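The sequence and structure are shown first.

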Amino acid sequence: MDIILENIGRRFNREWIFKSVNYHFLHGNSYAILGPNGSGKSTLLQVLIGSLTASEGTIRYLDEDQKVDADMFFSSSALAAPYQELIEEFTLRELIDFHFSFKRMEEGLNAQLLLELLDLERAADKELRYFSSGMRQRTKLALACCSQTPTLFLDEPTSNLDTQGIAWYLNLIERFAKNKLLIICSNQEHEYSFCQHQIHIEQYKNY
Ligand SMILES: Nc1ncnc2c1ncn2[C@@H]1O[C@H](COP(=O)(O)OP(=O)(O)OP(=O)(O)O)[C@@H](O)[C@H]1O
C-alpha cells in the first residue's frame with residue numbers, strides 16, 4: 001500500500017497545524033513523523049488514517065497501483081494510539097476475538113499464542129477496565145502489530161512501557177512490521193531509530 005499526499009493541510013478553527021504536505025509513503029518502508037509536543041504529529045496520523053479529514057489537498061491510497069477508496073482503507077490499516085479507546089467491559093480474550101473478527105491475524109498466530117506473546121495469560125479473563133496503563137499499551141500494540149494489514153500506524157508506541165516493555169515492543173516490530181508500510185509518530189528516539197525515513201512536521205509550518 002502506498003499513501004500519496006498532495007498539498008495536504010489541516011487547520012482547527014483558524015489555526016493551521018500544517019500546510020502544503022507533499023509526500024509519498026511507499027509500501028514496505030518505515031517512516032517516523034517527528035516534532036515537539038503539540039506540533040501536529042497525531043493530527044497528521046489521523047488524516048493519513050482517514051479519521052480526520054484534511055482541510056485542503058488530496059490523499060490517495062494505492063494498492064499495487066490500483067486506487068483504494070478512502071472508505072475501504074480502514075480495513076487495510078492497523079493502529080495503536082493513546083487516543084484509541086478499548087472496550088472496557090470486554091475481557092482480554094473477548095477483545096482479541098472481537099478485534100480479529102474484523103482483521104486477519106498474522107500467519108502462525110492464534111488467540112492463545114497472542115496471549116502468550118503478550119505475557120498476559122493470567123489476565124486473559126480480566127476486564128480491560130482493570131488493566132494497568134502498561135498492560136493496556138501492550139494490548140494495543142499486540143493487536144495492531146499482529147493484524148495482517150499492509151499498513152501499521154503507531155502513535156507514541158512506548159508510552160507507559162517500562163524498560164522491559166520497550167524491549168518487548170522492539171521485538172514485536174522486528175517480528176511483525178517487516179514488509180508493511182510502518183508509520184510512527186514519536187519524539188523518543190528509541191521508538192523510531194530503526195525507521196528508514198523521517199518527516200519533521202515543523203517543516204510544514206512555514207507558511
Ligand atoms: N480537536 C481539536 N480542536 C482544536 N485543536 C486541536 C484539536 N486536536 C488537536 N488540536 C491542536 O492541534 C495541535 C497539534 O496537536 P497534535 O495532538 O496533533 O500534536 P502532537 O504533535 O501529536 O503532540 P504530542 O506530542 O503532545 O502528542 C495542538 O495545538 C492541538 O491543541
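## Helix α6

Helix α6 comprises the 14 residues 163-176, which at 1.5 Å a residue should span 20 Å; its end C-alpha atoms are 20 Å apart, in agreement with that expectation. The expected span is 1.5 Å times one less than the number of residues. Helices (H or I, at least four residues) and strands (E, at least two) are DSSP runs numbered from the N terminus. The model is predicted: local features need pLDDT of at least 70 and side-chain atom pairs count only at pLDDT 80 or more, while totals for chains, interfaces and linings use all residues. Residues are numbered from 1 along each chain as its sequence is written.

Tyr169, Ile173 and Phe176 of α6 are buried. Seen down the helix axis, the buried residues of α6 fall within an arc of 95°, so they line one face of the helix; the arc is that of the directions from the helix axis to the C-beta atoms. A residue is buried if 20 or more other C-beta atoms lie within 10 Å of its own, exposed if 12 or fewer, and partly exposed in between, with C-beta atoms placed from the backbone. The face of α6 turned away from the buried side carries the exposed residues Thr163, Gln164, Ala167, Asn171, Glu174 and Arg175. The cover over the buried residues of α6 includes α5 (133-145).

## Helix α3

In helix α3 (residues 92-99), the buried residues include Leu92, Ile96 and His99. Viewed down the axis of α3, its buried residues fall within an arc of 70°, so they line one face of the helix. An α-helix has 3.6 residues a turn, so residues three or four places apart point the same way.

Asp97 and Phe98 are exposed on the face of α3 turned away from its buried side. Among the elements covering the buried residues of α3 are α4 (111-118) and α5.

## Strand pairing

Strands pair if DSSP finds at least two bridges between them. Strand β1 (residues 2-12) runs antiparallel to strand β4 (residues 56-63) and is joined to it by 6 bridges. Within this pair, Gly9 has Glu56 as its bridge partner in β4, and Asp2 has Leu62. β1 is also joined to strand β2 (residues 15-25), again antiparallel, by 7 bridges; here Arg11 is partnered by Trp16 of β2. The hairpin of β1 and β2 has 2 residues between the strands, and Asn13 in its turn has a positive phi of about 55°.

β4 pairs in the antiparallel sense with strand β5 (residues 66-68) over 3 bridges, with Tyr61 opposite Val68 in β5. These two strands form a hairpin with 2 residues between them, where Glu64 in the turn has a positive phi of about 45°.

## Ligand shell

Around the ligand are Phe12, Ile17, Gly35, Asn37, Gly38, Ser39, Gly40, Lys41, Ser42, Thr43 and Asn187, a residue being near if its C-beta atom, placed from the backbone, lies within 6 Å. Helix α1 (residues 41-49) supplies the largest share of the shell, 3 residues.

## Leu181

Leu181 belongs to strand β8 (residues 181-186) and counts as buried because it has 23 C-beta neighbours inside 10 Å. Its C-alpha atom is separated by 5.9 Å from that of Ser30, 151 residues apart along the chain.

Leaving aside neighbours within four places in sequence, Leu181 is in contact with Met1, Phe25, His27, Gly28, Asn29, Pro150 and Thr151. Contact requires C-beta atoms, placed from the backbone, to lie within 7 Å.

How values were computed:
Contact = placed C-beta atoms within 7 Å.
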